[in-house]
Amino acid sequence: MRAAKVLVAGAGEAGKSTLIQALVPDAMNLALRGRTIAMDHAMLQCNGCRLSIVGVPGQQRFGAVREILAEGARGIIWVHRSGYSTDPETTFLVRDLSNNDVPYLVLVNHVGLVCRPHGWARPESLPAPTMIIECDLEAPGDALSILRDEMQVLIGRPAPLAGKGP
Amino acid sequence: MPTAFEQMNQILKTLVANTPDLEGAATVSLDGLVLASVLPAGTDEDRVSAMAAALLSLGERTAQELQRGALEQVYVRGDNGYIILMAAGPEAVLEVIAGGGAKLGMVLLDMKRAAQEVTRLL
């Protein structure tokens with residue numbers, strides 16, 4: 001069975017690598033001093049689905065690396081650091097994939113502090129996410145099992161219409 | 001007394017000038033920031049530097065996974081020539097682009113010398 005690629009995107013230090021390590025503790029992280037340089041990768045068995053989880057570098061200068069890694073993605077997890085505004089680099093990436101009907105969900109990471117509002121707002125150029133999950137990835141509670149279930153749904157359905165949903 | 005940046009630029013200029021078919025060179029930090037470059041006009045050096053760091057990082061891990069030891073070089077060949085990456089000490093990478101007719105042995109030898117000079121500077 002061919003694995004479905006799920007992209008984990010978001011701004012630098014949003015918690016993308018932390019999420020992937022939380023899902024698969026022995027995930028590969030190509031990083032330097034805590035910053036992902038090339039990619040994260042992990043294979044995940046999820047309710048009968050085989051997922052290839054690919055984390056992209058968040059720093060602006062790695063745009064070309066993000067574009068390459070995004071090819072063939074079936075779903076996107078947009079990790080957003082609570083308290084920050086919606087990041088334009090990730091917006092462009094998600095928009096390009098959404099144009100090809102690739103759905104996305106948003107995981108708001110409250111890094112040790114719950115911020116209200118959390119700062120993620122759907123850009124006009126994007127359809128609605130299939131779900132918004134909020135948690136602190138240092139202590140995710142049941143958020144990871146919700147995420148696993150939603151990932152299975154994410155890769156199995158088309159993107160929602162713009163302007164609908166959360 | 002020239003600054004470290006000026007010295008590094010000079011090392012790259014000498015490398016490109018003295019090695020036949022070498023079309024450009026750059027030094028890049030391991031986290032993908034350009035340190036110095038002598039690249040052809042029109043090259044987006046920030047973009048190229050980030051990609052070089054990503055390539056090196058992937059190369060290192062691939063070499064580890066396949067038990068090939070510490071990474072020495074990453075070599076990419078296209079229709080129009082070569083891109084070669086070589087570590088320049090623990091903090092930087094030397095990247096060169098060469099035409100299709102380049103003598104690789106000569107290029108690698110000159111790169112090694114330049115990488116040693118860059119390492120001393122850093």
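**Close-ups of a predicted model**

**View 1. L19(A) and the residues it touches.** Leaving out residues up to four places away in sequence, L19(A) touches V8(A), I77(A), V79(A), L107(A), L137(A), L144(A) and L147(A). Keep in mind that this is a predicted model.

**View 2. The largest nonpolar core.** This core has 28 residues, and L19(A) is one of those touching the most other members, along with L51(A), I77(A), L147(A) and M151(A). Chain A elements giving two or more residues to the core include the strands β1 (4-9), β3 (35-46) and β5 (75-81), plus the helix α1 (16-23). The largest share, five residues, comes from α4(A).

**View 3. S98(A) in its helix.** Look for S98(A) in helix α3 of chain A, which covers residues 88-98. Is S98(A) buried or exposed? Its relative accessibility is 9%, so S98(A) counts as buried, the cut-off being under 20%. Setting aside neighbours within four places in sequence, S98(A) is in contact with Y104(A), L126(A) and P127(A).

**View 4. Chain B from end to end.** Chain B has three helices and five strands, running α-β-β-α-β-β-β-α from the N terminus. Its radius of gyration is 14 Å, close to the 14 Å that the globule rule gives for 122 residues, so chain B is as compact as a globular protein of that length. Of those 122 residues, 39% count as buried. Chain B exposes about 6,800 Å², with carbon and sulfur atoms supplying 53% of that area.

Note on methods
Residues numbered from 1 in each chain as written. Chains lettered and ligands numbered in written order. Predicted model: local features only at pLDDT ≥ 70, side-chain atom pairs only at ≥ 80, totals over all residues. Heavy atoms only, no water. Core = buried A, V, L, I, M, F, W, Y, C linked by side-chain atoms within 4.5 Å. Buried < 20%, exposed > 50% of the residue type's maximum accessible area, 1.4 Å probe, protein only. Helix = DSSP H or I, 4+ residues; strand = E, 2+ residues; numbered from the N terminus. Contact = heavy atoms within 4.5 Å. Rg over C-alpha atoms; globule rule 2.2 N^0.38 Å. Areas by Shrake-Rupley, 256 points an atom, 1.4 Å probe, with all protein chains shown as cover.
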